[in-house]
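Subject: Structure for your files

Hello,

Here is the structure we talked about, with my notes below it. Please read the notes with the model open beside them.

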Amino acid sequence: MSWVLDLSDITVRRGAKTILDGVDWKVAEGERWVVLGRNGAGKTTLVQIAAGRMHPTSGRATILDQELGKTDLFELRPRVGLASASLADRIPGSESVLDVVQTAAYGVTGRWREAYEDLDTERAHDLLKLFDVDQLADRTFGTLSEGERKRVQIARSLMTDPELLLLDEPGAGLDLGGREELVRAVSELASDPSSPVLVLVTHHVEEIPPGFTHVLLLKDGAVHGAGPLEEVLTSDNLSSAFGLSLVVAHGGGRWVARAAR
Ligand SMILES: Nc1ncnc2c1ncn2[C@@H]1O[C@H](COP(=O)(O)OP(=O)(O)OP(=O)(O)O)[C@@H](O)[C@H]1O
């Protein structure tokens, strides 16, 4: 079988700190994964490796059949969409929303002198429509609400028509309405068979969109559980991953967790 993502014995060390410790993770075509773990568990580091933005200290990472260290990253990166806080920080506030999305075609943030094809502009508008923010196309990014920004960033991450899409904490900082809008939009993406393979990083099981199929639980840089959501996202597994006693419930395609009494 050919994997979209095949990470084998991945370790990342920085000084004395082991951030990821022998992580094995395989993601197949058509799957939609959520990566859960408490603060500092190593989620963002793992996503950076999966996006081809960071090399592990040891281990083998194969992304879309390209092995990190043996492949041209400039060819690989457009095939992997990434929406993350660190990328959002690099988007100039004065950039128009349309350009925030269009510039992804060139792998840059901040428009300079690139000339865009009509097709690029049409695709950017279509993606903004998909996330219900096309009416904001002429606004500057800096004037958007946090929820609007998150949806524009996901639209941007789809601009190159990636085969793998990584969403690193898209729900962070959103109010209830913003979170529900985002869950709805990502759920629509998840239910479309032509969508890329999806990986969503979150701290909150309430943010898992209907249509997601698998979960990777990370604890202290190691895999604490991985597999189909219904099998792995149990009260016991979540409690030990987060280090407190939790009760997990599932209904209507959504998940909730609360502290056990
Ligand atoms: N360059 C570095 N040097 C030392 N420690 C680092 C470095 N980068 C990350 N870390 C540490 O590695 C751990 C994992 O970081 P990472 O950002 O991957 O976790 P995370 O699960 O995404 O956390 P959060 O949920 O808080 O965003 C954290 O304790 C962090 O402080």
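**Notes on the model**

D132 is partly exposed, because 14 other C-beta atoms lie within 10 Å. Please keep in mind throughout that this is a predicted model. D132 sits in the loop that connects helix 5 (118-130) and helix 6 (146-157). Its phi is near 60 degrees, a positive value, and D132 is not a glycine.

D220 is another residue of this kind: a non-glycine with a positive phi, here near 50 degrees. The loop that holds D220 runs between strand 9 (214-219) and strand 10 (222-228). D220 has 16 C-beta neighbours inside 10 Å and therefore counts as partly exposed.

**Overall build**

The protein contains nine helices and 12 strands. Along the principal axes, its C-alpha atoms fill a box of roughly 50 × 45 × 35 Å. The radius of gyration is 18 Å, which agrees with the value near 18 Å for a compact globule of 261 residues. Of those 261 residues, 39% count as buried. Taking contacts between residues at least 6 apart in sequence, 60% join residues at least 24 apart.

**Around the ligand**

Which residues come nearest to the ligand? They are R14, G40, K43, T44 and T45, out of 13 residues around it. The shell is made up of eight polar, three charged and two nonpolar residues. Strand 2 (17-27) and helix 1 (43-50) each contribute at least two residues to the shell. Helix 1 has the largest share, with three residues.

Helix 1 is also largely enclosed by the rest of the structure, because six of its eight residues are buried. The buried ones are K43, T45, L46, V47, I49 and A50. Just after helix 1, G52 has a positive phi of about 70 degrees.

**The nonpolar core**

In soluble globular proteins, nonpolar side chains tend to be buried together. In this model the largest nonpolar core has 71 residues. Those that touch the most other members are V35, A50, V101, A155, L166 and V199. Leaving out residues up to four places away in sequence, V199 touches W33, V35, V47, A50, L166 and L167.

An open sheet is formed by four strands in the order 2-1-4-5, with antiparallel pairing. Strand 2 and strand 5 (66-67) are at the edges and have a single partner strand each, so one side of each has no neighbour in the sheet. Strands of a sheet pair through backbone hydrogen bonds, either parallel or antiparallel. Within this sheet, strand 1 (residues 5-14) and strand 4 (residues 58-63) run antiparallel and are joined by five bridges. The bridge partner of L5 is I63 in strand 4.

Towards the other end of the numbering, strand 11 (residues 246-251) and strand 12 (residues 254-259) are also antiparallel, with six bridges between them. V248 stands opposite A257 of strand 12. The two strands form a hairpin with two residues between them, and G252 takes a positive phi near 60 degrees there.

E188 is in helix 7 (residues 176-191). It counts as partly exposed because it has 15 C-beta neighbours inside 10 Å. E188 and R261 are 73 residues apart along the chain, and their C-alpha atoms are separated by 35 Å.

R179 lies in helix 7 as well. Is R179 buried or partly exposed? R179 is partly exposed, because 19 other C-beta atoms lie within 10 Å, where a buried residue needs 20 or more. Apart from neighbours within four places in sequence, R179 is in contact with G171, L174 and E207. R179 and V256 are 77 residues apart in sequence, and 14 Å separates them C-alpha to C-alpha.

Regards

Conventions: Residues are numbered from 1 along each chain as its sequence is written. This is a predicted model: local features need pLDDT of at least 70, side-chain atom pairs count only at pLDDT 80 or more; totals for chains, interfaces and linings use all residues. A residue is near a molecule or strand if its C-beta atom, placed from the backbone, lies within 6 Å of it. Ala, Val, Leu, Ile, Met, Phe, Trp, Tyr, Cys and Pro count as nonpolar, Asp, Glu, Lys and Arg as charged, and the others, Gly among them, as polar. Two strands pair if DSSP finds at least two bridges between them. A nonpolar core is a set of buried Ala, Val, Leu, Ile, Met, Phe, Trp, Tyr and Cys residues joined through C-beta atoms within 7 Å. A residue is buried if 20 or more other C-beta atoms lie within 10 Å of its own, exposed if 12 or fewer, and partly exposed in between; C-beta atoms are placed from the backbone. Two residues are in contact if their C-beta atoms, placed from the backbone, lie within 7 Å. The radius of gyration is taken over C-alpha atoms; the globule rule is 2.2 Å times the number of residues to the power 0.38.
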